[in-house]
Amino acid sequence: MNPRRDAQLNALSLPWPADWPALFGAHRPLMLEIGFGSGVFLEALADAHPDHNIVGVEISNQCLLRAEHLIARRALDNVRVVHSRAETALAHLFASQSLSAIFINYPDPWFKRGHHHRRLMQSDTLALILSRMRPGARLEVATDIEAYAELTDALLSSTPALRNLLPQPAAEALPGRVVTKYALKAQREGRRSGIFADERTDTPAPPVPLAQELTMPHLVLQLPLTFEQIADGYQPFETRESGMIVGFGELYRGRASLLFEIHAAEPTIDQHTALLLAPHGRAAPPGEYTLQLSALGHPRPTPGIHLAVRVLGDWLLRLHPQARLLSGKLAAEPDADNDG
């Protein structure tokens, strides 16, 4: 079997953007299915388009394992699956105008109050989708939720960069389109599916740049405090800035370090990792520490991670009047308010 299948793919461990020709071993047009579930639609795409490379993204580990087994059993060399949020894959893995088709099947409507920002079909995400589609690319969205269909219709019909391929806003079925397991369940429960089919026109749309990694952040601090004193003054807290939320969780004491659990939520990526406070080298004077990103969770140095290092560094410096920042490397600080 091709060695490229030895390990599962994850948006946090792939290059940004991903080198899809290298992963597939061939230069072919690229299709994307967002949230492939049981893999029925993904398999049908592979059979119908053997001349395309097909990527499926999914956040469910169970679905990913099932798809990997299907790909291996059928030797589908033109399919790869990636553990990723849709927004993360679109923003970080796919270059501008790199996709010839995007399929979104039965996305979560996120009806609960306070969860609307998680919906895939909203203006910011649609702008990201458009930026990744080449002219002539196809966009299909299927839903069995009437309110979500109305929302999708409003978004797509008001977008000049898309042209409806159907005589009506949506259809219950499309010729040659496989009926997924979820679609069959909706039929049994009396819900009608609405399938939208649009084509990317030549009309320019606002570009959305590919999200890039920053340099690896770190701070060197002079703290006249022991690890015990630092730990005694710590309580979990949260900070918000420029659309990012960083939660500082549990503190763990190692033999010669402190590990601060963090969850950095950004518009296109969530990372659960840790920041490490340790002596600044073997020859460093007492009380000289380095604050840096731990390797836990395959973290990437994004703006949210830089924010976490800066905020925790500021908190450490407030612990003692003689604490000093000696050096460091951080992204420029935006104008915003902190809660922490």
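Leaving aside its neighbours within four places in sequence, which residues is leucine 93 in contact with?

**View 1. The surroundings of leucine 93 in the predicted model.** Apart from its neighbours within four places in sequence, leucine 93 is in contact with Ala11, Leu14, Pro15, Trp16, Pro17, Ala18 and Trp20, and its list of contacts also holds Val82, Thr88 and Leu210.

**View 2. The largest nonpolar core of the chain.** This core has 43 residues, and the members that touch the most other members are Trp20, Leu93, Ile102 and Leu139. At least two residues of this core come from each of the helices α1 (20-24), α4 (86-93), α5 (123-132) and α6 (146-157), and likewise from each of the strands β2 (30-34), β3 (53-58), β5 (99-105) and β6 (133-143). The element that gives the most to this core is α4, with 5 residues.

View 3. In soluble globular proteins, nonpolar side chains tend to be buried together.

**View 4. The chain as the setting of these close-ups.** The chain has 340 residues, of which 47% are buried, and its secondary structure comprises 9 helices and 15 strands. Its C-alpha trace spans about 70 × 45 × 40 Å along the principal axes. Among the contacts in the chain with a separation of 6 or more, 71% are between residues 24 or more positions apart.

Definitions and conventions. Residues are numbered from 1 along each chain as its sequence is written. This is a predicted model: local features need pLDDT of at least 70, side-chain atom pairs count only at pLDDT 80 or more; totals for chains, interfaces and linings use all residues. Side-chain values use heavy atoms; hydrogens and water are left out. Helices (H or I, at least four residues) and strands (E, at least two) are DSSP runs, numbered from the N terminus. Buried means under 20% relative accessible area, exposed over 50%, partly exposed in between (1.4 Å probe, protein chains only). Contact means heavy atoms within 4.5 Å. A nonpolar core is a set of buried Ala, Val, Leu, Ile, Met, Phe, Trp, Tyr and Cys residues joined through side-chain atoms within 4.5 Å.
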